[in-house]
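These are my notebook entries on a structure examined entry by entry. I begin with confidence and then turn to local detail.

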Amino acid sequence: MRRAYFKNNWIAALMVAPQLLIIFVFFYWPTSQAVFWSLTFEQPWGGGNEWAGLHHFRELLTDDLYWQSVRVSFVYAAGTTIIGMGLALILALFVDRQLRGYRQYRVGMIWPYAVAAPAIGLAFRYIFNPDAGIMNYVNQVWDGIWDPILTGWHAMAMIIFAGAWKNIAYNFIFFLAGLQSIPRALVEASAMDGAGVLRRMRDIQLPLLTPTFFFILVINITDSFTDSFGIVDTMTNGGPARATNLMVYKIYVDGFEGQNYSSAAAQSVILMVLVILLTFVQFRYIERRVHYT
Amino acid sequence: MKSTIVSVAALTAVIGGAAQAQDKIKFEYWYGLGGYLGEVVQSTCDRFNASQDTYEIVCVGQEGYANAVQNTIAAFRAGKHPTIVQAYDAGTADLMMSGEFYPVHQMMSDYDIEIDWDDYFPGIANYYAASNGDMVAMPFNSSTPMMYYNIDDFDAAGAAVPATWEEFETALRALKAANPDKCAFGYAPSTWVDLEQFSMAHGVPIATNNNGYDGLDSEYVYNTTLHVKHMEDQLRWYNEGLSEIKTSQGGQNSRDAFAQNVCSIYFGSIASHATVHNAAVEGLNWDVTMIPVYEGTERKNTVVGGAALWVLSRKDEDEYRGAAEYLKFLATPESARYWSTNTGYIPVTLSGYDQLVAEGFYDEAPYKGREKAIESLTYSEVGPLTRGIRLGGFIQARKEWVSEVEAAFAGQKSMKDALDTAVERSNKVLRNFERTYAGKTFP
């Protein structure tokens, strides 16, 4: 195979410079600042800081309620990823079969991704409102069965639904694209061999979909750890009793509301390391099972 | 929406009026109040701009107290901060320690503006005063909590308006007996009412060092005071069905539940007086009264809640002059009157209050009842425990309290355990604050 390469390294450097600059300004620089702050006592108004060493990390990692925050973040990540991917996959498989009205359906499926997280939060807050929303009817039949105001897991279920709903649209687009790139000939051949719809899905489509599946998995998990703020902020404020106090929301509350910049910086560093580790694990152990050809 | 209009207006002003800009000295003011109250703030700015032609104040709404402070900090670090910022009561200690402000007492004397500092209500002045008694920030929107109650429901139940918590419980039971289907008391756990003002009114400490005024090495003690009994009572009332939780997360906050005639009682700031009046359903017959105290306690004054105006450092003299003029403008009786009339906030000076009383302002609806807030604020001489709160990272401490109280209400632990945990965790916040400002003291 012929490889194209630049003879002049300067031109190559010049070409990648804008990209590197952007990565530096928007990633490495803020990250290094966060690491620095996490090791100091930073004054919010910038009046100086004092070295703290690993004080903040020690305080966080010995704090039961911080681990509780980590735990609920995992629950949220698992919940939104499983529901979001599962439903999106089913919907995509059906759209791919070109059932009646699938065109309108396809457009309708893509829209939710364009809705901002706080708007989703407000909509779902209404839907799950025990007094006024749709769940109110359920509450009228079984009195008080739905109570996200004081019951932690109800609140958690609520934000998982909202988060999953947001992700379904995104996942759906990729799954559908993945399904449509599977050569028709393969599906048709197996149909001629007498394989039914479910059989074709299991033996042909799903295995060939694994690269997409893997990509969506990585994105969903990362996204649910880092991009849940808008939903939590509008729906639960991290409550009741910290039941939905996800790591990223806690960073916001401690850092921006509480002006405890250093602890929030330490939490950001922990979150970053966690997401990197998770992604690493996924590439190391799950990607093995992915067939790219 | 409002802020969009403001920013568009600001932008047009920047682009359009180079000549105009030379005429007037501009300075910025960021405020946290949103909604209706935010609109009233904006109108005070318009009134100021119309009143003179040397300065132009550009007022930018930040939709929320916390946002106003956060955005100001971010802007400050980038050197693009406003001259004046409206900062909430709970952030006072943090701002004081930052040192990045121009104490208003000093600013006013530097620019030869006469202000009768003794005219301010002590319950307000002490909250924002440095240790030498000089005010570092200008009290602006000031309030204190009240008990809002539905007169008709009380009459129907034959209940008396309670002055003590014991009577309050009797009233709750009467309300519930008279109308079992109605929510008697819409409760929203609030540190400001249940912890801070409760402790003030009972003269019990929230933290050592006189609630933090005397040093950074303070510790919370509210898990050992009457506050525990009070929260246990709140929990008991909830468990007995005498109260219902009404929060925004549940779809309707306690204020709206009261105004919509869903609940007969709620506790909230006097600042909501105008909002409740505007939002009340047709024919809602209601009034306010001071928050109850337990029998056998000598009632003390409550303190101010709300926010103050801080003039920030690193601005030039022209802008400071403008800021001083604006603060002077706000302190005029007309402005004070305008502000108090259009919101439920109380006048901050004795003379302003006396003038309103003399005019018969408080005699009739819709303003009747607001004088009870002044009564609450001035109930006693301000003592060491009723000056206010000077505790770093107090927003985080409030959050700890709310989370733990929710846990107790959800039945996960006893109220005492919950408050113990909240205190323990909040003390860690204080220790971090102390180390952040190692070797410094409150001004």
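What is the mean pLDDT of chain A, and what share of its residues reach 70 or more? I noted first that the model is predicted. For chain A I read a mean pLDDT of 89, with 98% of residues at 70 or more.

I traced an open sheet of five strands in chain B, ordered β2-β1-β3-β10-β4, with mixed pairing. The edge positions belong to β2 (55-61) and β4 (138-143) of chain B; each has a single partner strand, so one side of each lacks a neighbour in the sheet. From one strand to the next, I found an average twist of 20°. Inside the sheet, I checked β1 (residues 25-31) and β3 (residues 84-88) of chain B, which pair in the parallel sense over two bridges. For W30(B), I recorded V85(B) as the bridge partner in β3(B). I next looked for a helix against this sheet and found α4 (residues 65-77) of chain B, which touches β1, β3, β4 and β10 (305-311) of chain B. The direction of this helix makes about 135° with that of β3(B).

Entry on S340(B). I located S340(B) in helix α16 (residues 333-342) of chain B. Is S340(B) buried or exposed? S340(B) counts as buried, because its relative accessibility is 1%, below the 20% cut-off. Leaving aside residues up to four places away in sequence, I listed its contacts as Y345(B), I346(B), P347(B) and R370(B). The side chain of S340(B) reaches the backbone oxygen of Y345(B) at 3.4 Å. For R370(B), I noted a separation from S340(B) of 30 residues in sequence and a C-alpha to C-alpha distance of 9.7 Å.

Entry on aromatic rings. My search of the whole structure returned 52 aromatic pairs over all chains. I examined Y148(B) and F258(B), an edge-to-face pair at 6.0 Å centre to centre with 70° between the planes. The two residues are 110 apart: Y148(B) lies in strand β5 (residues 145-150) of chain B, and F258(B) in helix α13 (residues 254-259) of chain B. Y148(B) is buried, at 0% relative accessibility, and F258(B) is buried, with a relative accessible area of 0%. I also recorded a cluster linked by ring pairs, including W165(B), F168(B), W237(B) and F409(B).

Key
Residues are numbered from 1 along each chain as its sequence is written. Chains are lettered from A and ligands numbered from 1 in the order in which they are written. This is a predicted model: local features need pLDDT of at least 70, side-chain atom pairs count only at pLDDT 80 or more; totals for chains, interfaces and linings use all residues. Side-chain values use heavy atoms; hydrogens and water are left out. Two strands pair if DSSP finds at least two bridges between them. Helices (H or I, at least four residues) and strands (E, at least two) are DSSP runs, numbered from the N terminus. Axes are lines fitted to C-alpha atoms, for helices over the stretch in contact, and angles run from 0 to 180 degrees between N-to-C directions. Contact means heavy atoms within 4.5 Å. pLDDT is the predictor's confidence in each residue, from 0 to 100. Buried means under 20% relative accessible area, exposed over 50%, partly exposed in between (1.4 Å probe, protein chains only). A polar contact is a pair of N or O atoms within 3.5 Å; within protein, one must be able to donate a hydrogen and the other to accept it, and residues adjacent in sequence count only if both atoms are side-chain atoms. Rings of Phe, Tyr and Trp (its six-membered ring) pair if their centres lie within 6.5 Å; planes under 30 degrees apart count as stacked, over 60 as edge-to-face and the rest as tilted.
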